[in-house]
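Hello,

Here is the structure I promised to pass on. Please open it first, then read my notes below.

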Amino acid sequence: MRALVTGARGFVGARLMAVLDDGRAAPSLQGMCESDVRRVIEAAEPDVIFHTAAISDIQTCEKNPEASYRANVEIPLWLARSGVKLVAFSTDQVYSGCGAEGPYTEEYATPANLYARHKLEMEQRTLELNPDTVLLRATWMYDMPLYGARNRGNFLVNMLLEPELAFSSTQHRAVTYVREVAEQLKKTARLPGGVYNFGSENDLTMLETARWLRDELGLPVVLRDSGARHNLWMDCTRARRHRIRFSDTIDGLRQCIEDYALRR
Ligand SMILES: NC(=O)c1ccc[n+]([C@@H]2O[C@H](COP(=O)([O-])OP(=O)(O)OC[C@H]3O[C@@H](n4cnc5c(N)ncnc54)[C@H](OP(=O)(O)O)[C@@H]3O)[C@@H](O)[C@H]2O)c1
């Protein structure tokens, strides 16, 4: 299966490229118009497009709403209009305004920030254009830095590097090992169109998860309670029914610790 990967040098895209048998990196889509994007697709003749390119930082989106709209809504729409099977990333942030406790199934979505509103609009409009589109609501993902790739802050790296961090003692939220995400992504081209929660599940609060990692690795980081935040707690039953299975948050962290021999 020939796959075209957008954002192939990004955090998820680089790990995905490493596990695909026939993955082709799209050139950067930044600054392109719809016909440029169509030409990229025609030249690659893919069976599936894995779309990881985005403006994925909440604050950057708030500061640049037009750029966020272009990257997070319009570009995915152009890809969906090509008629090629599209697998695109959404986010657990679409649950950021949910009042109920959770965990949330895919029917619930109440975004509380611009990034998440744009992602939700992308989900709805790409599905209207092409009902075969697969939208993956991802959790916060982590990994060690990759040699030669831009290092973006993530849960694990922050825990290793920062002297002090604040997490909520009431927010239920999962973090997912991005190498598991890359492995599971390979199966998503066969999914029927629709929205899927896609990542580790977790019964712990963010502060409990952080304390577990601090204690497991004997890290010096000082952990504070950041106060109440809305849950971003996902129920991934729908993906599991299609044999897409993730470790829970703690087992994913255990695997990552072992992969990188992080224990003293
Ligand atoms: N990282 C997380 O924890 C997380 C959590 C939930 C959801 N997600 C979603 O998962 C997907 C992958 O995330 P990621 O962390 O891999 O993203 P990333 O590393 O921040 O960015 C991926 C790629 O997006 C492209 N890009 C950046 N600005 C762009 C713009 N203005 N227009 C078009 N493309 C742009 C860049 O590729 P080029 O250099 O090729 O342009 C970049 O390498 C995204 O859809 C993100 O929203 C991520």
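What share of the 264 residues in the protein chain is buried? Buried residues make up 43% of them. Keep in mind that this is a predicted model.

First, the overall build. The protein chain has 10 helices and 10 strands. Its radius of gyration is 18 Å, close to the 18 Å that the globule rule gives for 264 residues, so the chain is as compact as a globular protein of that length. Along the principal axes, the C-alpha atoms fill a box of roughly 50 × 40 × 40 Å.

Next, the contacts. Take those in the protein chain between residues at least 6 apart in sequence: 76% of them join residues at least 24 apart.

The largest nonpolar core has 68 residues. V5, F50, V87, L136, V178 and Y196 have the most contacts inside this core. Have a look at F50. Leaving out residues up to four places away in sequence, F50 touches A3, V5, L16, V87 and L185. Two of these partners, V5 and V87, are themselves on the list of core residues with the most contacts.

Last, the ligand. It is surrounded by 23 residues, and the closest are G7, G10, S28, A54 and F89. By type, the shell divides into 13 nonpolar, 8 polar and 2 charged residues.

Over to you.

Best wishes

Definitions and conventions: Residues numbered from 1 in each chain as written. Predicted model: local features only at pLDDT ≥ 70, side-chain atom pairs only at ≥ 80, totals over all residues. Near = placed C-beta within 6 Å. Nonpolar A, V, L, I, M, F, W, Y, C, P; charged D, E, K, R; others polar. Helix = DSSP H or I, 4+ residues; strand = E, 2+ residues; numbered from the N terminus. Rg over C-alpha atoms; globule rule 2.2 N^0.38 Å. Buried ≥ 20, exposed ≤ 12 C-beta atoms within 10 Å, placed from the backbone. Contact = placed C-beta atoms within 7 Å. Core = buried A, V, L, I, M, F, W, Y, C linked by C-beta atoms within 7 Å.
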